Amino acid sequence: MNLQAAIRFVSFSAAFAATALLWAYTACAQDAAQPYKIVVNSAPPYRIIESSAGKTIYAGIYIDIIKEAASRAQMPIKFVEVPFARALKLMEIGRADIMLGPNRTPEREAYMTYLMAELPEETKAFYILPNAPDITTYDDLLDRWVFVLNAAKYFDPFDTDKRIQKYFFNDYRTALKALKGRANAAVIAPELLGDYLLRLNRLVRKKASFMAPGKISYITVSRKSALQDKRQTLENALMAMAEDGSFDRIIAQYVDRPAIR
């Protein structure tokens, strides 16, 4: 290689290296500017969403947990409010990165990765009017309309029992209010969530004697999300929080408290 050719080669190599560095820098800048999207529905005290003066505040047990985990993992995040069923669909098609609190089912595992950190189990309670006949056994549900959250899973065999008449709602607050004047209806909801909403909205309802054991909830990552490449970092942060008592600390802040502090 003559001197001129060598100079041209070095110049080209330097230009190529500079361009590659620019591309890498641009990609990193774009990645940093694009926070991971967390889809949430209102389900206090797990997911609390309050809007005032054009600003939306996101808080609650699950939201505070993911905020702290993302901070430890140095991951940018943003919250997007959508109905529960819509959140599942966005996770399935890869338009969202993270979902907070879904139960594990084979159908959902096809499009979401369930992180190892387990969120607390929550007993499922049935809420009825004070003057309504009590629900003491599972078979008593056959004589009621049961208000359920659209796309939610509760327990077996309830989820697939076609003998039970079900009416679907997009949020639990609306379902609990819809009980008014309906002694033949009940709302199924996680117990802590139902109790919280009754206090917050000053609704006079009672819990039926029959309850169902809860299932473990999880934080999930869409299988189509770019976060899959960094999932272990987030998982490590969550596991550390579970071990150092951060989960218990966050949960304790919301027990018996009816609003964002």
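**Close-up views of a predicted model**

The count comes to 1 cavity of 30 Å³ or more in this structure, which is a predicted model.

**View 1. The largest cavity and its lining.** The volume of this cavity is about 260 Å³. Its lining is made up of 19 residues. Nearest the centre lie Arg47, Gly101, Tyr172, Pro190 and Ser217. Strand 5 (residues 98-103) contributes the most to the lining, with 3 residues. By class, the lining holds 11 nonpolar, 3 polar and 5 charged residues.

**View 2. The largest pocket and its lining.** About 270 Å³ of space lies in this pocket. Here 17 residues form the lining. Glu107, Arg108, Ala151, Ala152 and Lys153 lie nearest the centre of the pocket. Two or more lining residues come from each of helix 3 (84-93), helix 4 (106-109), strand 8 and strand 9. Helix 3 gives the most, with 4 residues. The pocket lining divides into 10 nonpolar and 7 charged residues, with no polar ones.

View 3. Strands of a sheet pair through backbone hydrogen bonds, either parallel or antiparallel.

**View 4. Strand 8 beside strand 9.** Strand 8 covers residues 145-149. Val146 stands opposite Lys166, which belongs to strand 9.

**View 5. Helix 7 crossing helix 8.** Helix 7 comprises residues 231-243, and helix 8 comprises residues 246-254. Their axes come within 5 Å and cross at roughly 75°. The two helices are therefore roughly perpendicular to each other. On the helix 7 side, the contact involves Leu238, Met241 and Ala242. They meet Ser246, Phe247 and Ile250 in helix 8. This contact has 5 nonpolar residues, 1 polar residue and no charged residues.

How values were computed: Residues numbered from 1 in each chain as written. Predicted model: local features only at pLDDT ≥ 70, side-chain atom pairs only at ≥ 80, totals over all residues. Heavy atoms only, no water. Axes fitted to C-alpha atoms, helices over the stretch in contact; angles between N-to-C directions. Parallel < 35°, antiparallel > 145°, perpendicular 65-115°, else oblique. Contact = heavy atoms within 4.5 Å. Nonpolar A, V, L, I, M, F, W, Y, C, P; charged D, E, K, R; others polar. Pairing = 2+ DSSP bridges. 1 Å grid on protein atoms, 1.4 Å probe; cavity = no way out; pocket = protein on both sides within 12 Å on 5 of 7 lines; lining within 4 Å. Points joined across faces, edges and corners; volume = space filled by probe spheres on them.
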